[in-house]
Amino acid sequence: MATLMAMLMASGMAEELDDVSGGVYDSGSAVFSGGKGLAITQHGLLVEDGILTLTPKGIIARCGDVYYGNGQIMTKSNFLFYGSQGMKVQDGNYYAGKSGSTYIFSNNEEE
């Protein structure tokens with residue numbers, strides 16, 4: 001039972017880190033998901049710890065569907081990210097908007 005809960009929590013955390021790296025943080029054109037709360041971006045390593053994501057430029061915090069930090073605030077509504085830095089649209093692993101586009105490469109295999 002504990003293993004199942006850990007797997008479910010890890011999959012939810014991976015989606016939130018994808019949202020930060022693709023929709024909120026300026027990650028560049030490609031992100032490689034390292035699993036277990038890590039993502040390698042064009043602009044540095046992202047590390048997720050609960051509601052906080054550590055970035056090379058500072059910390060991004062999450063409260064529900066609102067992300068804030070690094071001088072910005074973004075809200076997620078389904079596939080749309082909008083806020084003080086503009087807007088991005090998500091289509092699967094692809095995020096595109098005014099600030100550029102990002103594709104997230106992830107390993108979907110279970111460990």
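Visitor: Which residues line the second largest cavity?

Guide: Rolling a probe the size of a water molecule over the atoms shows where empty space is left. A cavity here is a set of points on a 1 Å grid over the protein atoms alone where a 1.4 Å probe fits but cannot get out, and lining residues have an atom within 4 Å of a point. In this case the lining is made by Glu16, Val20, Glu48, Gly50, Ile51, Leu52, Thr53, Ile60, Ala61, Arg62 and Tyr67. Before we go on, this is a predicted model, where local features need pLDDT of at least 70 and side-chain atom pairs pLDDT 80 or more, while totals for chains, interfaces and linings use all residues. Residues are numbered from 1 along each chain as its sequence is written, and side-chain values use heavy atoms, without hydrogens and water.

Visitor: What volume does that second largest cavity have, and how many cavities turn up?

Guide: About 40 Å³ for the second largest cavity, where volume is the space filled by probe spheres set on grid points joined across faces, edges and corners. The whole structure holds two cavities of 30 Å³ or more.

Visitor: Which element gives the most to the lining of the second largest cavity?

Guide: Strand 5, with three residues. Helix 1 (2–24), strand 4 and strand 5 (58–63) each supply at least two. These are DSSP runs numbered from the N terminus: helices are H or I of at least four residues, strands E of at least two.

Visitor: How do strand 3 and strand 4 run, parallel or antiparallel?

Guide: Strands pair if DSSP finds at least two bridges between them. Strand 3 (residues 44–49) and strand 4 (residues 52–55) are antiparallel, with three bridges.

Visitor: What do the strands build overall?

Guide: A closed barrel of eleven strands, in the order 1-2-3-4-5-6-7-8-9-10-11, with mixed pairing. Strand 1 (residues 30–35) pairs with strand 11 in the parallel sense over three bridges, and Val31 stands opposite Ile104. With strand 2, strand 1 is antiparallel over four bridges, and Phe32 has Ile40 as its partner. In the hairpin of those two strands, Lys36 takes a positive phi near 50°.

Visitor: Which residues make the nonpolar surface patch?

Guide: Phe32, Leu38, Ile40, Leu45, Tyr94, Tyr103 and Phe105, over about 650 Å². Patch residues have over 30% relative accessible area and no salt bridge, with nonpolar side chains (Val, Leu, Ile, Met, Phe, Trp, Tyr) joined within 5 Å and like charges within 9 Å. Areas are Shrake-Rupley with a 1.4 Å probe, and for residues only the protein chains shown count as cover; a salt bridge puts a side-chain nitrogen of Lys or Arg within 4 Å of a carboxyl oxygen of Asp or Glu.

Methods
1 Å grid on protein atoms, 1.4 Å probe; cavity = no way out; pocket = protein on both sides within 12 Å on 5 of 7 lines; lining within 4 Å.
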